[in-house]
Structure formats: structure tokens, C-alpha cells
Amino acid sequence: RSPKVWQKKEKKDQKTKIKKIRKRDYASEAIQVNILGTKTVADLSVKYKIKKCMIISTDHAFCPVHAMGYSKCLAEMYVQGLSRKVVQENSLTKLFVVRFSDVYPDAPRSLMTVSEACQLILETGNLGENGEIYVFEDDAVEDTLPTSYEKIRKSKGYFIDYTMICEQINTLTENNCMQDSAVIINKMKKIISYFSESCADA
């Protein structure tokens, strides 16, 4: 086989694997990586007085439909809750979120190259303020607010109570590895719905 034919087959196989993975909901793993992983990084950043902590999220966190989206949405909520606590305590750490869509060239959701994504990450790092969720202009699927950078916008986000989001996450993570994915996803949905309604009423 010629190198081109081999590369084509390899690329096709890779796409098939990615599609299969995305169709399955690894809810327990999503909680461990996206929620608890984010919580650990954010908590340690505050503890050791890191100046800025940027959490990379996904556009799937806005109106989520699967485990990754729900878990990323809750991770964002935790960062927003912690950032409010940090401000109240006059901590030096700034915590903020950057949402990305896919960046590899042949993805249907792809709207930027990898180099453009990296550049925007660096610019957002300079811009980042406590509790903000930043999206890129071409990726925005929601109402956003402008920033001083032309291509970077702010999501309106939520006002999350730190103590409440901690309680909800602790409850969610208890024995989650022993639960069915559908059960875990339903729990995540209820938590997101609760905070979304609370913010709407505020």
C-alpha cells in the first residue's frame, strides 16, 4: 500500500473510534476527570496562591446532552462558586473558564485551527478575571458580552453559591462508580437544573 492510502485508512479508523467513544456515556469517568479533576486543580491553585487558573471547558457544557457536557457544566459551576469565595476572602488567585469547540480541521464543529486556538488561549490568559466564562466569537451558541479582545466574548454564566455546589458535588460523587450511567446523568441534570432555576429567580 502507498503511504497516502495507509494514512487515509488510519484516519478513517481513528474517526470511527472517536464516534464510538462519543456515543457511549462514560458518566462515572466523566465525574472523576471533569468534575473532580477540575475541583482538585482549582482548589490547589487557591491553596498555593497561583495568580491565574484557567480551566479548559467545551461548548458542550452549554445546553448539555451527554455525560461530558453535563460534567463539564458542573465543573464550570464549581469554578464559578469557588471564584466567588476567593473574591470574598481577598485571595490572589483568579479562576476562570475557557470554552472550546473542536479544533481539528475536519470536525463538523471546527471553526478554528489549532494555532489560532493556542493564540486565543494566551490572549484569554491575559484577559481572565474571576468567575468569568470566555467563549470565542465564532463558537458562541448563546448570548454573550463583549471583551476588549475582538474574538473573545464572555458568557453570562451563573451566580453559584460555593457551599451549595460543594454539597451537591459531594452527594453526586458518593459511590458513583457503582451506579448506572443513566442514573448518574439524571443526577447531574437535576443539579444543573436546580442552579439554573435559582439563578433565573435571583
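How many bridges join β1 to strand β2? The legends below answer this and related points.

This is a predicted model, in which local features need pLDDT of at least 70, side-chain atom pairs count only at pLDDT 80 or more, and totals for chains, interfaces and linings use all residues. Residues are numbered from 1 along each chain as its sequence is written, and side-chain values use heavy atoms, with hydrogens and water left out.

**View 1. β1 and β2 run parallel, joined by 7 bridges.** Strand β2 covers residues 94-100. Ile55 has Val97 of β2 as its bridge partner. Helices (H or I, at least four residues) and strands (E, at least two) are DSSP runs, numbered from the N terminus. Two strands pair if DSSP finds at least two bridges between them.

**View 2. Five strands form an open sheet: 5 strands in the order β1-β2-β3-β5-β4.** The pairing is mixed. β1 (52-58) and β4 (144-146) are the edge strands, each pairing on one side only. From one strand to the next, the twist averages 35°. Axes are lines fitted to C-alpha atoms, for helices over the stretch in contact, and angles run from 0 to 180 degrees between N-to-C directions.

**View 3. α2 bends by about 30° at Leu36.** The bend at a residue is the angle between axes fitted to the seven residues ending there and the seven starting there. The end C-alpha atoms of α2 are 29 Å apart, which agrees with the 30 Å that its 21 residues should span at 1.5 Å a residue. That expected span is 1.5 Å times one less than the number of residues. Buried residues of α2 include Ile31, Ile35, Ala42 and Val46. After α2 comes Lys49, with a positive phi near 55°.

View 4. A disulfide is a pair of cysteine sulfur atoms within 2.5 Å. By this rule the count is 0 disulfides. Cys63 is exposed, at 56% relative accessible area. Cys73 is buried, at 4%. Buried means under 20% relative accessible area, exposed over 50%, partly exposed in between (1.4 Å probe, protein chains only).
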